[in-house]
Amino acid sequence: MRTAAAVALALVLAPAAHGLAAHASFAPNDPLAPRQYYLAQDHAFDAFGPELPVVNPVRIAIIDSGLDGGHPEFPRQRIWQARSWVGGSPLTDEEGHGTFIAGEIAAAVNNNEGVAGMAFPAQLVIAKIARSDQTIDVRDEAEAIRWAVDVGARVINLSIGGLRSPFNPRLDTFSKSEAAAIQYAVRHNVVLVAAVGNSDEAPQTPWPYASYPAALPHVVGVSALTPTGNVPSFSDRDRIYNDISAPGQEIYSTLPRSLTSFRPLCVNQGYSDCGPDEFRHAAGTSFAAPQVSAAAALLFALKPTLQANQVANILERAATDVNAANGCRLCPLQRDALSGWGRLDVSKAVAALDGVLPAPDHFEPNDDAGTKAVRLSAAVKSVKGTLDFWDDQVDVFRVYLRAGQRLRLTLDGPAGATSNLLLWRPGTTRIDDLRRQNLRAAQAIGPGASHRLGYRVRKKGWYYVEAKVVTRGSGPYELTITRSK
């Protein structure tokens with residue numbers, strides 16, 4: 001079971017940390033938008049002139065507690081598909097969490113009403129999986145991810161989390177079905193964004209490990225920031241799986257009208273200041289993640305040919321470093337466990353589309369042996385992919401070799417990183433579990449340069465070629481494969 005991640009901490013709202021854009025940027029006329037301080041801190045609309053560009057819709061899946069489908073911020077044409085795994089209508093939201101997330105992403109923009117969603121081209125795919133007690137069956141989550149992919153979602157927001165405790169298996173909630181569903185989405189070129197988790201759901205505060213599914217390969221893990229740029233104690237830390245940060249305290253958004261009707265004298269019905277206590281001062285990594293999901297959708301809308309790994313790379317590398325100079329005394333320079341690559345900056349990410357784009361990788365997810373490895377036919381002489389110490393440390397390929405055949409491999413590795421080139425014998429099942437596999441047939445190691453590996457086959461079968469980056473660094477590589485006749 002999983003718990004939808006939400007935590008309430010009250011702070012005094014501080015001014016936005018960033019200055020205004022140098023040019024006249026779009027300013028939504030939605031009357032409650034000034035309460036969304038995170039729009040300014042994310043530079044949500046600064047990349048655009050006085051008018052928003054006309055682009056095709058991008059489908060974003062929100063896998064959560066449903067949506068108030070009658071809310072004026074979500075006209076019916078804004079909702080592409082909706083389905084419930086827990087009974088009832090997916091277009092009702094008894095908990096409020098899903099509607100809150102949806103408002104950050106896709107509330108109608110410039111309609112002179114309420115708030116402004118960051119992803120103005122968004123078309124929503126709603127998957128309702130949270131029960132009335134806020135628990136989630138991970139099997140429902142896995143099915144919902146696959147369904148969202150099948151109905152055309154290009155971005156999936158997962159503001160949910162299960163505890164990761166790598167040194168205590170009794171507490172760790174890793175799920176094979178969840179991991180397989182994530183791989184299914186990655187294989188179909190979908191960007192997955194997940195909250196790194198809140199430490200009130202962990203054994204101690206702060207907690208040094210991101211939750212699942214943020215702690216799975218190819219998922220963009222998002223941590224929280226305070227209005228003043230600090231990292232709150234509730235935001236889980238993680239050296240590898242915390243990728244980027246965004247505002248996660250005092251977040252203002254939409255709520256189901258059924259939850260605000262209990263305060264009938266409150267003017268802003270359907271918005272969080274009229275809701276229950278946990279939403280009036282909403283805080284949590286749950287509410288940071290949808291800002292990154294919205295940014296991913298914008299990149300797809302502006303450049304539909306992007307690969308998912310390119311979108312994730314652009315968002316992370318365009319982030320503004322979080323450190324002592326801009327609010328986080330404990331954050332060292334450059335990437336760190338508290339804030340990842342830094343603060344989301346939508347304007348810088350959009351500007352990056354006009355520069356040299358990161359290399360696409362069409363083989364993902366090829367992270368392990370067996371059926372998860374990409375099969376290379378005898379006609380294939382070379383392949384190009386990407387390795388990234390933070391997001392994609394391993395690529396694995398299957399090659400069939402006959403007894404007595406000689407294999408030669410050459411890896412031109414990523415610049416600035418030490419990379420391994422390994423060959424695993426037939427029968428290998430998992431490359432990350434030394435107890436359950438045959439020993440490597442050969443290995444070559446090189447510091448970001450071309451290195452070679454040769455091997456004469458004694459036993460026919462499917463061998464596994466592994467390219468792995470083992471020190472900080474990233475970039476494209478080329479693997480050349482030569483088989484003797």
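1. Contact, as the word is used throughout this note, means heavy atoms within 4.5 Å. The model is a predicted one, in which local features need pLDDT of at least 70 and side-chain atom pairs count only at pLDDT 80 or more, whereas totals for chains, interfaces and linings use all residues. Residues are numbered from 1 along each chain as its sequence is written, and side-chain values use heavy atoms, with hydrogens and water left out. Helices (H or I, at least four residues) and strands (E, at least two) are DSSP runs, numbered from the N terminus.

2. Ala108 lies in the loop that runs between α2 (97-106) and β5 (122-128). With a relative accessible area of 14%, Ala108 is buried, where buried stands for under 20% relative accessible area, exposed for over 50% and partly exposed for what falls in between (1.4 Å probe, protein chains only). Once its neighbours within four places in sequence are left aside, Ala108 is in contact with Asp30, Glu73, Val115 and Ala116. The C-alpha atoms of Ala108 and Phe74 are separated by 6.5 Å, although these residues are 34 residues apart along the chain.

3. Not counting residues up to four places away in sequence, Arg402 touches Val457, Lys460, Ser484 and Lys485. Between the C-alpha atoms of Arg402 and Val109, which are 293 residues apart along the chain, the separation is 62 Å.

4. Two packed helices are described by the angle between their axes and the distance between the axes. Here axes are lines fitted to C-alpha atoms, for helices over the stretch in contact, and angles run from 0 to 180 degrees between N-to-C directions. Helix α3 (residues 138-150) packs with helix α4 (residues 176-187) at an angle of about 10 degrees, their axes being 8 Å apart. The pair is therefore roughly parallel, given that angles under 35 degrees count as roughly parallel, over 145 as roughly antiparallel, 65 to 115 as roughly perpendicular and the rest as oblique. The α3 side of this contact includes Val138, Ile145 and Val149, and the α4 side includes Ala181, Ile182 and Tyr184. By class, the contact of α3 with α4 has nine nonpolar, one polar and four charged residues; Ala, Val, Leu, Ile, Met, Phe, Trp, Tyr, Cys and Pro count as nonpolar, Asp, Glu, Lys and Arg as charged, and the others, Gly among them, as polar.

5. Which residues of α7 meet which residues of α8? Val292, Ala295, Ala296, Leu299 and Phe300 in α7 meet Ala308, Val311, Ile314 and Leu315 in α8, and by class this contact has nine nonpolar, no polar and no charged residues. Helix α7 (residues 285-302) and helix α8 (residues 308-317) pack at an angle of about 120 degrees, with their axes 10 Å apart, and they are therefore oblique to each other.

6. An open sheet is formed by seven strands in the order β4-β5-β3-β7-β9-β10-β11, with parallel pairing; two strands pair if DSSP finds at least two bridges between them. Its edge strands, each of which pairs on one side only, are β4 (79-84) and β11 (244-247), and the twist averages 25 degrees from one strand to the next. Strand β10 (residues 219-225) is joined to β11 in the parallel sense over four bridges, and Val222 stands opposite Ile244 in β11. Helix α4 packs on this sheet, touching β7 (155-158), β9 (191-195) and β10, and its direction makes about 140 degrees with that of β9.

7. Elsewhere the pairing to examine is antiparallel. Strand β21 (residues 461-469) is mostly covered, seven of its nine residues being buried. Eight bridges join β21 to strand β16 (residues 394-401) in the antiparallel sense, and six bridges pair it, also antiparallel, with strand β18 (residues 418-424). Glu466 in β21 is the bridge partner of Val396 and likewise of Leu422.

8. Strand β22 (residues 474-483) pairs with strand β15 (residues 382-388) in the antiparallel sense over seven bridges, with Val383 opposite Leu479. Strand β17 (residues 406-412) is joined to β22 by six bridges, again antiparallel, and Arg408 has Thr482 as its bridge partner in β22.
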